[in-house]
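I want to look up how the chains are built and where they touch.

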Amino acid sequence: MIKTEHLSKDYRSTKAVDDISFDIETGKVTGFLGPNGAGKSTTMRLMLGLDNGSGSTKYDGKQLHEYSCPSSMVGILLEAKAFHPTRSARNHLKVLATAGNVSLKRVDEVLDIVGLKDVAKKKPGKFSLGMSQRLGIAAAILSKPKYLILDEPANGLDPEGIVWMREFLKSYADDGNGVFVSSHLLSEMAQMADNVIVIGKGKLIANTSIKSLLSSNTKSTVFVRSGNLTKLQNILKEKSLQTEMSKDGLEVFGVKTDEVGKLAHMSGLSVLELTTRNASLEDVFLELTEGKEEYQARNPKGTKS
Amino acid sequence: MTAGIKAEFRKLFSVRSTYILIGLALVYMLFYDFYIIGFKGGVHTDSITGLHNPHYIMTEVMRAGGIAAPILFSSIIAVLLMAHEYRYNTIMYTLTSSNSRNKTLIAKIIAVTGFSIIFSLLLEVLAPLLAYAGIHLHHLSLAHQVFYYRDFFWRVLFFGWAYAMIGLLLAIFFRNIIASVVALFLLPVTIEPLIGLLLSSYRQQYLPFTARTAVLNNGLLRIGPGILSAGRSAMVVMIYLVIGWIIAWTLFLRRDSN
């Protein structure tokens, strides 16, 4: 398990990361969400000791510098284009393999895994963003690390690449490793992550499983269809529950299906459909991070989007 | 630690710029050592350092830029080894593959030291040979040459190493290729001469780049009064390098990775 405690980082008067603590479990993909400028990348850099700040990050109980070969504990991808443009893809990985005491045979293995075997001798300066991301993934998994820390690894990938990345990271986690990944592709995160950590303006907003995040959100509703919707609505209102009549049923807010079902049964009303309608991760993300954006754009009409 | 050193050498020899700069140094030597000093018989053929001088090859190669100028290329290679890490953000891999920033920096220093020594040795052998070859090809008559091998050997090695270390230091200070290379060129030819205008000629000898050049030039044949010997000049350079390294080391440990 990766355990981060009280991570903080100031840039002069700005608090980029403000006392953040969380755990990353093995066997799971943990998503890391937040608006632009929320402090995601800085948090990852603090976890790796690349930035100087306060707080600690322990990997299986030890700080990274206590391991003789840190790259065998954690593989990283913080920037897609982090390579010398004229050093071939294979040589780039050979440098990293040498530094991490990894057999050079592994270089061709990982190039094959990420699908870059054919361009191994090419200079990566001319790689597309997607190919660069794949090279970054190859670098991250070179030492077969127990943990992966990836910052926006799906950026620039085509749909096929995104699916590949999702399946790859899920299977990497299924092998008993821990994957910590930030992304702006919320639908992708919803499919890939088991847990999610949300930050805004450097502060921790949520740290939970995707399932409970989606179900606990205020935008999650219970949808019910009944033979007598008006009567059911009145009963629910008597119980101080917020309702909204829709075209074919009734939306009930801040309640679970069990309660609605019981109330309908006690009133002798037939229930034709009773289901939870969870908010999408995008709805939840926007609600959680409302007012916590560092940079806010305006829509064409001039109002804040 | 050994892995880190090996990786640094691999970085050095897996980029095109290293070979281009080595090639440029060799082209320069072909022009200057082979053609000017050798084939043409010297820059100043009417001076006392003519072909009848028994120290012609040694003095021309060491004093007139036959070896100092190409050694500059090893310093640029040292700048690139460090500054490329920041330019292309590979420093994050370098730092996370080692459990100590001290080890990372020591590996860089060892790699640059190793490279600069091998490079300087190559130039030490090539420069006089190219000069001899030029003279013989042009059938010029050359006086029997006296060569102070030991003196020549340590001075060029120290000069080459110190130059490369200065390059590495500048790259750590600036973390930028252009700023580091500009500083490498401007400091010895602009900034230091301006500072020198404020000092007496005796005190000017204690300026870092003046002292560095003096290691190659001073007292090659005889030493005048009030002039620092090559050994003392080397000590002056070492003091500046130690001070520079204390600052650079502190910055490397304390600053964010990039």
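**Domains, sheet, contact**

I started with the domain assignment of chain A, which comes from an automatic or database source; it gives domain 1 (2–214) and domain 2 (221–277). Their C-alpha centres lie 44 Å apart.

Housekeeping: this is a predicted model, where local features need pLDDT of at least 70, side-chain atom pairs count only at pLDDT 80 or more, and totals for chains, interfaces and linings use all residues. Residues are numbered from 1 along each chain as its sequence is written, and chains are lettered from A and ligands numbered from 1 in the order in which they are written.

Next I looked at the sheet in chain A. Pairing here takes at least two DSSP bridges between two strands.

I then checked S6(A) against S7(A) (147–151): they pair in the parallel sense over four bridges. Gly75(A) has Leu148(A) in S7(A) as its bridge partner.

Last, the contact between chains, counted where C-beta atoms, placed from the backbone, lie within 7 Å. I noted 24 residues from chain B and 26 residues from chain A. On the chain B side, helices H1 (2–13) and H5 (91–96) each supply at least two residues; helices are DSSP H or I runs of at least four residues. H1(B) gives the most, with six residues.

How values were computed: Contact = placed C-beta atoms within 7 Å.
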